[in-house]
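Visitor: I would like to learn how to read packing and charge pairs in a model. Please take me through one.

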Amino acid sequence: MKFLHERQTRIFCLFLSGSLGLQIVLLGALSIFQVRSIQRFLAGRELAAVSYLLEQEIPPAAVAAAWNSTDVTEEAAKLLRMTGHTGQARGYFLLLSEQTSAAFFLPVLAVAAGTAAVILIGAALFFRRRERVYEEAEQVIAQYAEQRFETHLPAGQTGSLCRLFGSVEQLAQSLQAKSETERRAKIFLRDLISNISHQLKTPLAALSMYTEIMQEEPGNEETVRNFTRKSMQAVERMERLIQSLLKMARLDTGNIVFEKKRCPVSELVKQAAGDLLERAKREGKDIRIEGRMEETLFCDPEWTKEAVGNLVKNALDHTGEGGVIRICWERTPAVFRLTVQDNGCGIAEEELHHIFKQFYRSSASADRKGAGLGLSLARSIVEGQGGNLSVESSPGEGSAFRMTFLTEL
């Protein structure tokens, strides 16, 4: 009986069972009392009859024999008919009923009425409480419909109603998660638009200014050539910025599916740093690659190269002429680590917790180009593949960015 799984229903059924059981006990006690009343009445009538016979000087032995006799004679039947004591004349039993009915039926009626009243009151309280539960549940569900999830339906009990509440709670959690996802998406879209607008404002203004200068001096080839080069740099900067923002958007919204495969770490690092070798040579810096050539890593090679390249670019941005950037890796029984280390300006301790935020630029980056997206993008790529990106740095001594992945079983 599934309806007994619910606690309130079990309590109500126990209440009904107890009330009916008490009624049976009381009626049994009243029945015993009624039987004893009849016995006392009959004993009294017998005593009166015996007393009358003895007063008529009937020998006691004859009276006793007559009282214990079971024989029926025609003379006795004729005598009873003459006195009116026949099967149709029920005066004797009517007298018995009149003597005992008041003492029996009135208490029976009282017990029945009392039990019925208790059951009705108990049922009314039960259904009133159940109605209150329904009203509270209706209010909570109405709040869920309004995207308010502060209150919850009763939980932690058994029964069909509680299972129904549990299903509604699961639905509410899904709605809450969906609502939170939509809210974050709106915030992300708003921030993305704001960031794009803010970050593009400077290069667009510069590009507009360069165009005006070239229009004002069309005959000055040196000026046109100079500002054409600057215009191309501004366009390239905007292109890099937009590409980085789009990648961040795809990662943050979960639209990227990392296609992992086993690839040589040395080839991955060489390809990631290859585009920056010419810049390092031009700026008088050295990029060194150190590690076991046969080592492999299970990852998405294209996105992982993007992350490593961003770390190397960041190291170049914060390392002066003659600086060294080391890219090394090692494997332990538990993890694989790839480190990009430089001997540049380093990062202040109070800024370490902020450098992975989007568009954050440390005090050491104030005079350098960049939008502050490289480190944030690198962390999103590494964490999206189940890894971790951390940093160790000391001002004036350089920084070490470490990508850590669990060793595949």
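**Helix packing, core and salt bridges**

Guide: Trp303, Thr304, Glu306, Ala307, Asn310, Leu311 and Asn314 in α8 meet Gly374, Leu375, Leu377, Ala378, Ile381 and Val382 in α9. Contact means heavy atoms within 4.5 Å. Helices are DSSP runs (H or I, at least four residues), numbered from the N terminus. By class, the residues of this α8 and α9 contact are 8 nonpolar, 4 polar and 1 charged. Ala, Val, Leu, Ile, Met, Phe, Trp, Tyr, Cys and Pro count as nonpolar, Asp, Glu, Lys and Arg as charged, and the others, Gly among them, as polar.

Guide: A word on the source. This is a predicted model, in which local features need pLDDT of at least 70 and side-chain atom pairs count only at pLDDT 80 or more, while totals for chains, interfaces and linings use all residues. Residues are numbered from 1 along each chain as its sequence is written, and side-chain values use heavy atoms, with hydrogens and water left out.

Visitor: At what angle do the axes of α8 and α9 cross?

Guide: Two packed helices are described by the angle between their axes and the distance between the axes. Here α8 (residues 301-317) and α9 (residues 374-384) cross at roughly 150°, and their axes come within 9 Å. Axes are lines fitted to C-alpha atoms, for helices over the stretch in contact, with angles from 0 to 180 degrees between N-to-C directions.

Visitor: Which residues touch the most other members of the largest nonpolar core?

Guide: Nonpolar side chains tend to be buried together in soluble globular proteins. In this model, Ile287, Leu338 and Phe401 touch the most other members of the 46-residue core. Such a core is a set of buried Ala, Val, Leu, Ile, Met, Phe, Trp, Tyr and Cys residues joined through side-chain atoms within 4.5 Å. Buried means under 20% relative accessible area, exposed over 50%, partly exposed in between (1.4 Å probe, protein chains only). Beyond four places in sequence, the contacts of Phe401 include Leu311, Asn314 and Leu375.

Visitor: How many salt bridges are there?

Guide: Side chains of opposite charge can pair when their charged atoms come close. The count is 13. The rule asks for a side-chain nitrogen of Lys or Arg within 4 Å of a carboxyl oxygen of Asp or Glu.

Visitor: Is Glu295 buried or exposed?

Guide: Glu295 is buried, at 10% relative accessibility. Its salt-bridge partner is Arg292, at 3.9 Å from N to O. Arg292 is exposed, at 52%.

Visitor: What separates the closest N and O atoms of Glu283 and Arg279?

Guide: The distance is 2.9 Å. Arg279 is buried at 17%, and Glu283 is partly exposed at 26%.

Terms used. Helix = DSSP H or I, 4+ residues; strand = E, 2+ residues; numbered from the N terminus.
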